[in-house]
Amino acid sequence: MNLEEFIRQNRSGFEEEGPRPDVWAVLEKQLPKPKQEKGRVVLMMAKHWWKAAILVALIVNAGLLLKYMNTRQEVAVVIPEIKEMESYYSARIEQKLEVLKQLPVAETGLDSLTMKELELRNDTYTMLEKELAANPGNERIRAAMIRYYQMKLELLEKILDEHDKYTNDSPSTKKDVL
């Protein structure tokens with residue numbers, strides 16, 4: 001007798017019926033019931049956890065912003081000459097930038113990237129400001145900030161002088177320059 005014949009002969013023995021439906025009902029009654037009620041706060045947190053996360057993120061950001069604002073204020077209070085220097089150079093640089101912005105781009109030859117670098121508050125300025133806030137008593141950072149302002153102002157004056165020199169020249173001189 002091979003396996004196939006054995007299965008055919010005993011087929012009825014392999015096919016058993018499952019438990020009756022009333023057996024399942026009895027088993028379900030014996031299972032522990034799931035907890036119906038959790039604590040009110042826990043249930044509310046489970047539903048609105050993402051709102052709580054956003055609230056925590058906002059509170060942390062507000063704290064960091066307040067800390068940053070206090071740091072800036074401390075630098076201005078501790079070093080009043082820095083504030084005075086900043087206002088002096090900032091006013092002069094902004095004045096030169098306004099004159100430069102009013103000139104046609106074709107005459108200045110400055111593209112948008114160059115103009116962005118000429119802006120007063122670029123990456124270098126921001127970095128120096130952060131360093132000064134972290135180390136308010138550091139003379140090298142103060143000197144670097146002053147030198148930054150002086151170089152920016154000299155560069156703007158040089159660009160405007162060259163523009164004035166070029167536009168005030170006679171047409172024959174322009175040919176020589178080009």
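1. A salt bridge is a side-chain nitrogen of Lys or Arg within 4 Å of a carboxyl oxygen of Asp or Glu. Keep that rule in hand for this chain: R20 forms such a bridge with D22, and their closest N and O atoms are 3.2 Å apart. By this rule the count comes to five salt bridges.

2. A word on where the numbers come from. This is a predicted model, in which local features need pLDDT of at least 70 and side-chain atom pairs count only at pLDDT 80 or more, while totals for chains, interfaces and linings use all residues. Residues are numbered from 1 along each chain as its sequence is written, and side-chain values use heavy atoms, with hydrogens and water left out.

3. Now look at the overall fold. The secondary structure comes to eleven helices and zero strands; here helices (H or I, at least four residues) and strands (E, at least two) are DSSP runs, numbered from the N terminus. Contact means heavy atoms within 4.5 Å. Among contacts in the chain with a separation of 6 or more, 65% are between residues 24 or more positions apart.

4. How much of the chain is buried? Of its 178 residues, 17% count as buried, where buried means under 20% relative accessible area, exposed over 50%, and partly exposed in between (1.4 Å probe, protein chains only). The accessible surface comes to about 14800 Å², and 59% of that belongs to carbon and sulfur atoms. These areas come from the Shrake-Rupley method with a 1.4 Å probe, and for residues only the protein chains shown count as cover.

5. Next, the inside. A nonpolar core is a set of buried Ala, Val, Leu, Ile, Met, Phe, Trp, Tyr and Cys residues joined through side-chain atoms within 4.5 Å. The largest one has 22 residues, and those with the most contacts inside it are I93, L100, L118, M145 and Y149. Helices α6, α8 (112-118), α9 (123-134) and α10 each supply at least two residues of this core. Its largest share, eight residues, comes from α10. As background, nonpolar side chains in soluble globular proteins tend to be buried together.

6. Which residues does L118 touch, leaving aside its neighbours within four places in sequence? L118 is in contact with L97, L100, L110, K152, L155, L156 and I159.

7. At 9% relative accessibility, H163 counts as buried. Beyond its neighbours within four places in sequence, H163 is in contact with L103, E107 and T108.

8. Rings of Phe, Tyr and Trp (its six-membered ring) pair if their centres lie within 6.5 Å; planes under 30 degrees apart count as stacked, over 60 as edge-to-face and the rest as tilted. The structure holds three aromatic pairs. Y88 and Y89 are edge-to-face, at 5.0 Å centre to centre with 75 degrees between the planes. Y89 and Y149 are stacked, at 5.6 Å centre to centre with 0 degrees between the planes.

9. Are the tyrosines buried or exposed? Y88 is partly exposed, with a relative accessible area of 43%, Y89 counts as buried at 13%, and Y149 is buried at 0%. Y88, Y89, Y148 and Y149 form one aromatic cluster.

10. Finally, turn to the start of the chain. R8 and E4 meet through their side chains in a salt bridge (2.4 Å, N to O). Both lie in helix α1, four residues apart, about one turn of the helix. R8 is exposed, with a relative accessible area of 58%, whereas E4 counts as partly exposed at 48%.

11. For a bridge elsewhere, find E154 and R147, whose side chains meet at 3.9 Å, N to O. E154 is partly exposed, with a relative accessible area of 46%, and R147 is partly exposed at 38%.
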